[in-house]
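Q: Could you show me how to read strand pairing in a model like this one? I would like the general idea and then the case in hand.

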Amino acid sequence: MMKRMGLTLSFLLLASATVVAQEPAAASGSESAARPQSFRIDLADLGLTRELSQRSDRTQQQVSFRARADHVLSAAALELSFDAARAATVFERVDVLLNGEVVQSIPAASLRDKAGQRHIQFEPTLLASQNALELRMQPLKAGVSTQPASCNVSPGAWTALRSGTLLLQSLPLPLPNDLAQLPLPFFDDSFEHAQQVAFVLPRSPSEAQLKAAGSVAGWFALQGRRRLTFTSHIGELPHADAVVILDGPQALASLGLSVQDGLLGSAGLALIDNPRSAGRKLLLVYGADAALLQRAALGLLRDGYNLKGAAVSFQPNIALQPLAAFEVPRWASGASISLGALADGQPLKVSGGHAQTLKVPFRLSPDLFVWPRDYVTLELAYEQGISKVRGPARLHVALNDKPIGPLSSQRRGRSQLRLPRSALRGYNELLFQISYDTPASAVTCGAQDNDENAWVSFKPDSRLKLGDAHHYALLPDLQLFIYDGFPFTAQGDLRDTSVLLPAQPSARELSSMLSLFAHFAAVTGYAATRVEVKLGAVEPRTLQGRDVLLIAEAERHPLLERYRAELPLALADSELVAQRPARSHFLKRIVTGQFNDSELERARGTLEGSAVGAVFALPAPWDAQRSWVVVTGSDSASLPEATALQGFARGQRPRNDLLLLQAGQRYLFELGTQDGRGQVDDLLALRFWLSHAWVALAALTLLAAIVWAVFARGQLAALARRRLDEANS
Amino acid sequence: MSTHFSALVRAAKAFGLVLCGGLLSLAVITTPLPLKAQALLGAVLYVVALVLNRFSQRSVTLVMMSLSLLISTRYMYFRLSTTLPNFVFALDAVLGLVLLAAELYAFMMLFLGYFQGAWPLERKPISMPEDLARWPSVDVFIPTYNEPLSVVAPTVLAARAIDWPHDRLKVYILDDGCRPEFGAFAAEVGVEYFERVESDHAKAGNINKALGKTHGEYVLILDCDHVPTRSILQIAMGWLLRDSKLALIQTPHHFYSPDPFERNLQTFRTQPNEGELFYRLIQRGNDLWNATFFCGSCAVIRRTALDAVGGVAVETVTEDAHTALRMQRQGYRTAYIDVPQIGGLATESLSAHVGQRQRWARGMAQIFRIDNPFLGRGLSLAQRLCYAASMLHFFHALPRLVFLLAPLSYLFFGLQILQGSPMLVLAYSLPHLMHASMTNSRVQGKYRYSFWSEVYETSLAPFIVLPTTVALFAPRRGKFNVTAKGGRVGRTYFDRGIAWPHILLAALNLAGLLVGLRRFYLGLEFADVAILNAGWCGYNLLMLGAALSVARETQQRRAVPRLPVKLSAALMLPSGHTRAAQTQDLALSGARLLAPNLPAQAVGNKLSLCWVDADRLAIPAVVVRHEGDDLHLRFDDLTVDARAALVERMFSRADTWTSWHEGRRLDRPIIEIARIFLHGLRGLGQAARTPFSWRPRA
């Protein structure tokens with residue numbers, strides 16, 4: 001990826017437009033193209049996280065920054081916010097350095113007058129294409145001044161720095177129309193900023209166009225690590241970079257676009273200038289008909305890394321290798337997975353005598369089922385270099401911020417750790433936290449802080465042992481959908497998924513759909529290629545054997561009306577109303593401990609008032625073995641995108657089936673009941689159900705006790721009679 | 001035909017119940033729950049048990065036992081399936097397995113305890129035949145070694161007074177100490193005297209030698225301080241006459257003097273003593289399973305049964321239980337009647353008590369090794385379990401020490417000997433402990449108050465861990481040690497010599513508690529684990545403190561305590577006048593009486609005491625104090641007849657001990673834990689402020 005970005009800059013001046021914009025407004029936008037753009041970047045996004053600042057005892061923290069790959073940096077400033085009271089107790093001053101030059105020195109004593117706020121403007125002459133920003137803390141001198149200053153700050157001293165924000169201003173540079181630069185001009189994943197992609201669809205888009213748009217959205221999601229957001233434009237071009245989905249010359253013409261004859265062939269891609277906005281580009285995804293449009297989308301998925309030139313066409317049919325169930329590229333699988341495979345080539349070694357955390361992110365199938373075990377085993381082999389200055393490192397392992405356990409501070413060690421199943425999710429971060437005790441003796445600060453003799457290395461052949469794990473989960477479970485796209489992502493190419501939209505989807509509904517396709521692709525590492533998109537009314541029996549994702553504002557899809565009683569949320573008098581789903585049997589709720597309607601009341605309370613976005617899940621009424629997820633909203637503006645679903649939500653329970661989004665807050669509810677779905681035998685499934693029905697288990701326990709007591713009473717009474725009669729024998 | 005059919009129906013019904021109960025139990029035991037659900041399950045079932053506990057029916061007791069066992073088994077399954085330690089760090093693994101073994105032991109003892117206590121047999125005495133000619137001959141053996149005559153004499157005198165045809169009752173003093181004064185005493189009171197020079201095999205050898213020289217059809221064995229009532233033989237013999245396969249009838253050991261726990265904790269007669277659980281519940285439970293065993297005294301034994309097993313067993317130092325085991329292997333039955341028929345002296349000091357329990361523990365461990373009840377022929381499964389329960393009980397020392405030290409492994413060394421979420425472990429273990437505690441309180445509460453087993457075990461564990469361990473590996477080692485009786489404690493003192501292991505353990509647990517609290521206070525990593533372990537240390541401290549408070553030996557002035565005996569009596573004054581009085585308490589050395597119309601008596605006045613319903617034998621006495629109606633007398637230089645008369649008034653009545661336990665309060669677990677807490681504080685305080693204490697010479 002970085003290599004591609006490097007190449008990008010060398011192409012900056014090679015502008016060769018083989019695609020001509022027809023719209024005359026193109027020239028009028030040249031001024032806006034040169035207008036500087038501003039960005040705010042949190043230092044935490046650059047790596048100076050609170051978790052690090054709480055643990056670190058280093059005197060300096062360093063981050064690097066630059067402009068977008070297609071921009072040049074014109075100005076930069078830094079805003080720092082300190083806890084003035086705490087600052088006075090932990091440091092004398094903090095020096096701010098840019099590329100090695102001290103820009104400003106901030107004495108702790110000076111922070112009180114401005115409530116700990118500091119704004120530091122950097123001289124433009126100090127700015128380079130790649131910049132190093134360093135904060136250097138001078139700790140308080142202990143005791144009398146004759147004592148040497150400490151080499152370290154006390155752990156947690158950096159928490160005196162509450163937050164930091166970089167303010168960047170950059171000028172866009174003209175880009176050539178070259179597909180090799182993708183995903184530029186849409187986003188630069190190495191540049192730490194929110195990324196948005198605009199899509200353009202003709203009026204009354206077809207199912208094929210929507211399917212192709214979904215595949216392309218998925219491809220963009222695979223080009224970066226960050227969450228994408230999408231805007232949709234129906235029948236008109238935006239004043240921005242955009243992806244245009246076209247299935248035939250008429251669609252091209254309807255948007256006022258034309259391409260050179262034969263350039264795209266019957267199916268192809270092209271990058272052209274946006275005729276509505278100078279300096280902006282359009283990525284055309286073109287097919288002469290529905291099937292050819294799909295070929296173009298698949299071509300992008302297949303050749304996206306190797307595209308060159310302003311346009312490409314795909315002549316032969318493209319058939320991507322189908323994926324088997326749970327054969328998902330980004331999901332680690334197998335009974336025993338090496339740490340090296342989990343790390344996917346990342347180094348498993350850290351050096352330097354200071355506190356740091358080695359992260360190994362990995363994904364597993366979210367329905368991984370090891371029950372009745374409640375853990376999987378991590379067999380770790382590791383070694384460390386022990387420096388004379390720092391001594392042995394203290395090693396702790398955590399999973400998704402949950403402490404798992406310490407490791408012995410040996411030079412070479414092996415350990416078997418249990419990772420609780422409850423802590424494992426679809427996306428996981430295995431954290432190896434390394435810290436050092438502060439030595440009692442005074443040592444050279446430099447030697448101590450960057451001691452290359454102190455290192456810790458984890459062997460790639462360490463193993464995560466999943467054993468005989470099955471795929472099984474209680475559904476509906478919105479957490480699985482929100483974070484892992486489950487159950488849709490169980491098929492990496494979404495072959496079992498039907499996406500339902502109103503007959504005339506709104507731009508908002510399309511944006512929501514695209515964001516979900518992108519989310520699914522980010523989860524699986526594979527863009528949707530076999531998904532089915534259906535517009536308008538649909539006959540339920542045609543949905544047999546399929547998981548269904550319905551995206552529609554409240555009253556805009558007939559299926560919602562048809563199954564009103566089955567839903568946890570229904571439209572009544574133009575308002576969303578929470579209700580108990582018809583299939584949520586009373587007895588079933590009782591045995592799982594749902595004694596009252598507090599969840600229902602809470603949901604109704606949340607729905608009172610302003611506009612609400614909602615996501616709910618339920619067993620598909622037309623096929624109980626399948627799931628139905630509905631993304632809806634009380635009005636167009638409140639229909640949520642995938643990125644809005646994630647984050648802290650109030651009322652979280654082990655499983656939820658309704659998410660409400662209101663005024664930036666998320667609320668989770670459990671209104672219905674769950675059923676198991678997966679690959680386990682009936683007996684294990686029954687026992688697992690019992691493990692979620694504690695009331696039933698309590699009743700069974702009492703029943704078992706009574707049965708044994710009846711048996712014992714009969715036997716013991718008879719024995720007592722025999723004993724007292726024995727004398728007669 | 002109908003009998004066979006109904007038997008078949010019964011068998012089918014039992015099979016159905018077992019199958020149904022087994023399947024349900026399997027589901028209950030093996031189904032794990034997440035933390036919140038497990039906590040709710042535990043809470044709801046505890047509330048159910050609380051409601052059940054309000055009903056007194058035996059069926060409800062069985063339901064509560066079953067419930068407790070299910071919950072405990074569920075916990076053990078959770079421990080085995082989920083919380084076993086990693087097996088990479090050797091020390092973690094070893095200590096984790098040690099803790100698991102200790103818990104398995106406790107679980108097994110819980111099960112065996114319920115098995116023994118499920119249905120205590122209510123065996124009533126059977127009347128003797130009208131025809132005296134059918135009453136068999138009985139030899140009464142009173143073995144002694146080094147006890148003073150003052151201790152042995154009342155037993156002999158009371159044995160002589162047993163209601164039994166005189167021509168069929170012979171009393172023998174079996175003296176292993178070869179003391180002439182015993183021979184003279186036997187001659188004076190008209191009983192037989194056997195002395196033994198060699199004294200091999202201790203008490204067992206003593207009895208066996210006497211068996212060879214006597215011919216009674218039955219043998220009544222009495223420890224030399226166990227003073228019998230006159231009714232002992234008539235209470236026991238009916239069953240032996242009725243059942244020819246019955247080898248022995250055991251009656252309870254009843255102690256009329258406080259043991260060190262009762263004396264030093266001031267609980268004498270206000271709460272059950274250590275032995276009551278065994279003699280008032282477990283032996284009755286064993287009786288149901290035909291597994292009552294001989295306790296060395298207060299048992300009438302069929303001579304032919306003794307002969308069949310070669311006399312009293314000599315291979316172990318608990319010859320009594322071993323002998324019963326052998327008889328039962330031969331097909332003989334045993335029985336138990338819960339009517340106290342003797343009064344005995346409890347151990348006087350904690351060190352003497354410890355010595356006695358060391359012998360029992362070593363003896364039971366010896367039997368477990370050389371005549372294991374699970375092995376060999378002749379026993380039913382139930383008998384094997386009952387015998388095993390009684391033997392394994394004495395192995396409690398090692399598990400108890402493990403529980404006292406386990407939390408320190410994490411607090412001091414960070415060793416994770418138990419895997420899993422600490423809150424989940426708590427959610428599983430608390431219901432197990434609370435149900436066991438409630439059910440035991442219901443079953444045993446009349447005979448042992450809640451949490452006192454922990455106090456007893458904590459007190460004894462450091463001392464019996466070695467004898468039991470040695471006996472397991474070298475069962476032939478170790479000698480019989482005689483329990484000292486009839487002594488006094490001259491002054492109150494803290495016995496640091498016996499308490500040092502508890503002081504050490506308390507210091508370690510106190511340090512662990514402080515370490516845990518510090519980690520929790522500072523919010524360090526795994527603070528929840530630290531606070532749970534700290535809580536465990538706190539509980540340990542409580543028990544250790546209570547054990548330490550037992551080591552504070554309270555002054556005991558009298559070698560033989562006075563007994564509360566209310567009898568009508570007459571005081572014969574030197575003037576020749578007689579005044580009616582009522583005894584309040586009696587001892588062989590004196591008495592206290594209520595004498596309403598007695599003229600003022602000066603200290604030192606001489607008078608005589610006699611009972612109106614007897615032989616009018618006057619017992620000379622000296623006035624010690626006379627205040628109002630309250631008269632204190634001292635007896636000097638009593639004749640044998642006078643001492644016999646006193647002994648009969650004090651000990652020989654058939655109902656002497658039947659109302660001893662009346663008027664006690666019910667077990668209240670919360671009250672008991674509060675009391676133990678107070679004892680614990682007192683014990684810890686005592687240990688802290690007595691760095692060097694006086695200890696009397698033995």
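A: Gladly! Let us begin with β6(B), which is joined to strand β8 (residues 333-336) of chain B by four bridges, the two running parallel. This is a predicted model, where local features need pLDDT of at least 70, side-chain atom pairs count only at pLDDT 80 or more, and totals for chains, interfaces and linings use all residues. Residues are numbered from 1 along each chain as its sequence is written, and chains are lettered from A in the order in which they are written.

Q: What counts as a strand, and when do two strands pair?
A: Strands (E, at least two residues) are DSSP runs, numbered from the N terminus; two of them pair if DSSP finds at least two bridges between them. In β8(B), T334(B) is the residue opposite L248(B).

Q: In which sense do β6(B) and strand β7 of chain B pair?
A: They pair in the antiparallel sense, over three bridges, with β7 spanning residues 299-302. Here A299(B) in β7(B) faces Q250(B).

Q: Is strand β6 of chain B mostly covered or exposed?
A: Mostly covered: five of the five residues in 246-250 are buried, where buried means under 20% relative accessible area (1.4 Å probe, protein chains only).

Q: How do I read strand order in chain A?
A: Follow the neighbours: β2-β7-β4-β5 form an open sheet with antiparallel pairing. Because β2 (60-65) and β5 (101-107) of chain A each have a single partner strand, one side of each lacks a neighbour in the sheet.

Q: Which residue stands opposite D95(A)?
A: S105(A) in β5(A) does. Strand β4 (residues 91-98) of chain A and β5(A) run antiparallel, joined by six bridges.

Definitions and conventions. Side-chain values use heavy atoms; hydrogens and water are left out. Buried means under 20% relative accessible area, exposed over 50%, partly exposed in between (1.4 Å probe, protein chains only).
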